Amino acid sequence: MKFRLHRRWPTGVVAVLLAVGAVTLPVPDDAYADVEVSTHKVQGADGKEYSVTNHLVGGAAEPGGQRKEWLLVWAGDENIADTAVKDVKNLPGSLAGGLDKVSNALPGPDFLAVIDATKGSKTYGQVVNTATVGPLVENEPHHMQYVWHKGDTIFAGALFGAATYAFDVSALPNLKLKGISLPSQTLGGSVPDAYWTLKDGTAYATYMGGPVAPGPFRYDDGSVHLGNGFAGSPGEVVRFDPNGKVLSQSPAATPGGDNEKLCANLPRIGTPTCANPHGIQAREDLNTLVTSDYAEPRNIILDPVKQPSPYLRRPTVRTWDISDRNHPKLRAVSYLPDGPRADPEDPLHAESRAVMETTVTNLPGHKGAFAQTMQGGAVFYTPDITAPEPHWVEVFDDGAANKAFDPANDSNGGSSNGGWMQTSPDDRFLYRAIVGRQPGALGPDDPGTTGGVYTLDISKLVAAGTDFKCNIDTLEEAQRGGGDDCPTLAGATPINPGVPGAGPHWGAYDNFELGQDGLYQETSVPNRLAVSNYFVARSGLDGDHKVNVVDLGPDGKVSVDDTFRDEVTGEVGVNFNRRSWPHGEFGNAKPHSELFVVADSDVR
C-alpha cells in the first residue's frame, strides 16, 4: 500500500493515516516536501512481521531521461548509545533526566539510503529514498557484499542485532525485503560482518562473534566447539539462500585450537582461538574461500570494555575448501609475520595485528590473495590460496602512502586504521581506504595522521606467480616501498584532509558503465570508487559521517569527485549528519558501507 505525504496536508489527515498505521514515521520537513511511502513486509522465523518502508522523494524518477545508477548506503541512526563513556560527562543535562536536550538521544530507524549516482543527472548526489527497516532499531548497520551483480540479493548485516537482511533491489529506487535471518537462526555465531555472493545467488557471511549462548555448540558438520558467548569466540561462516534463509553454519575454529600465546579470549575457553572471521572473499573456480580474523568483537565495540590484551586482535587468515558449497571445510590457518616495525613492548601495532580484510585476485591463472591489518597497518600477499599451507609475505606498509595524503604525516604505518581493500577486476590495482592514525595512538605526543584512499599497482607482483621476490623486511622499505616486484603507489588522495583519524573506513568500486544502447553493463576497468567515513562510534572511530566519490584514472591516480555534493549544504560529499531525511526528522546517521547498483531493467 502506498501513500504520498505532503507538507501541505492538513494535520488531521496525517493524524488519521498515523492512527490506521498507514504512516509510521514523522512527516518530512520542507527539504522533503513530497514523499511517497510504501511498505513491504515478510514474516520472520519468530512469527513476527519485519518490514522495509520506502520513502521516495517526488521527482526522483526522470521518465524518458538517462537510465539511473544508484549508490546504496547502509546506515544507522545515531543516538545516545553511540556516546563513548569517556564523553558522557560532556553531555548537556544528565543521564537521569536531561536526554531531551541531547541531539539524537532517542532511537530511530536504520535504513538503506538510495543516492543518485548518475553523473550528469540533475539530482546527482541527492538522497532520493530512505528505505527504513523495522521493527528492530539501532542495529548498527555494518557491511553488505563487496560488489553487486545483476540479479543479486543485497545482504546487509546488523552488527549488534546479529541479524542479516536480504533486500530485493530489482526495481530501484524502491526496495523490497526478501527475508531476514534472526539470531535464533545462527546460534553458532553472532556479530555478522561481511558477505560474498556466489553465482547461484547464495552468499557466504562471516559471523565474527561466538555462539549466541556460551558453552558447547554442535555445528552442521557434526563438530562441537566451546564458545564464550555472544560477541565472543569462536565465530563461524554462514551460507544464505537468496531470501536470507540459513543453509549451513560452519565453524571457523580448529579442533585443537590456535596459538595460545597469540590468541587470547575473554573469558578464557578450553581451547584458545583466533577464529573471529571478518573479511570474506571466494574464488569459485578454485573452490576456495578466504576469511581474515580481526578481533574478539565484544572487547572492541562495547565501550567501556577496553581490550586488556593486544592478543585479542588477531594475526590470522583462514582458507577453506568449498568444493561442497554447503559445507565449507577449513583447510589452513595462517599466521601473518611480524614486520620490521614490530616492537615486543607494543605488540598491538605489530604489522600482523588485527587482520581486518582479505581480497582475492580475479583472473584465471592468478591464484593469489591479499590481506591487510587495521592496527598493524600493512598489506600481505600469498601467491596461491589453494596451497595446503599458504605462505604470506608483507608487500606494502601503509606508512609508505602517508605523505601522499599529507606531507605533514609521518611514515609510520602503525595503527593506520586501514579498512576496505579490493583488487580491481583486471588484477592490475589494489584499492585501499585508510581512516588514519588518531592523535595519541602511539604516545602522548603523537599528532596522528590524515587518512584517505590510495591505489597500488600490483601487476608485476601478481604476474610473477609463486616466483615473486617482494618482501618488506626493513624499516626503509616499510617507509618508502620495496623494490623488485613489490606493489608501487599509483595514486593517493586525502579524505577529510587535515583531520587525523577521520578518513574512510569502507568503500566499493563502480563496476558499471553505460553502453551505446543506453543500458548499463559491467566493466573490468572501474573509473570511480565510493567511500564512507565511519567505523563504529563506540570504538572511538566515528569519522565525519560523509560519503565521497573518488575518480579513478586509467593509471591508478585518484581524486575526489567535487561534483558529488550534499544537497543540503552544497559541500563536497553527501553528509549523513543532517536534521531531516525523507523518512522524517531523525537527525544524524552513520553510513558504514555502500554499493553501486542498477535496476534490473536498466542493466544488461
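Author: Let's start with β18 and strand β19 (residues 329-335), which pair in the antiparallel sense over six bridges. Strands here are DSSP runs of E with at least two residues, numbered from the N terminus, and two strands pair if DSSP finds at least two bridges between them. Before going on, keep in mind that this is a predicted model, where local features need pLDDT of at least 70 and side-chain atom pairs count only at pLDDT 80 or more, while totals for chains, interfaces and linings use all residues. Residues are numbered from 1 along each chain as its sequence is written, and side-chain values use heavy atoms, with hydrogens and water left out.

Back to β18: strand β17 (residues 288-293) also pairs with β18 in the antiparallel sense, over five bridges. Five of the six residues of β18 (residues 316-321) are buried, so the strand is largely enclosed by the rest of the structure. Buried means under 20% relative accessible area, exposed means over 50%, and partly exposed is in between (1.4 Å probe, protein chains only).

Now for a loop residue: Pro 390 sits in the loop between β22 (378-382) and β23 (393-397). Pro 390 counts as buried because its relative accessibility is 7%. Setting aside neighbours within four places in sequence, its contacts include Thr 319, Ala 332 and Ser 334, contact meaning heavy atoms within 4.5 Å. Ser 334 is 56 residues from Pro 390 in sequence, yet their C-alpha atoms are 6.9 Å apart.

Asp 544 is buried without a salt bridge, and the nearest side chain of opposite charge, Lys 546, is 5.0 Å away. A salt bridge needs a side-chain nitrogen of Lys or Arg within 4 Å of a carboxyl oxygen of Asp or Glu; Lys and Arg count as positive and Asp and Glu as negative, with His and the chain ends not counted. What the Asp 544 side chain does make is a polar contact with the side chain of Asn 533, at 2.9 Å. A polar contact is a pair of N or O atoms within 3.5 Å; within protein, one must be able to donate a hydrogen and the other to accept it, and residues adjacent in sequence count only if both atoms are side-chain atoms.

Technical notes. Helices (H or I, at least four residues) and strands (E, at least two) are DSSP runs, numbered from the N terminus.
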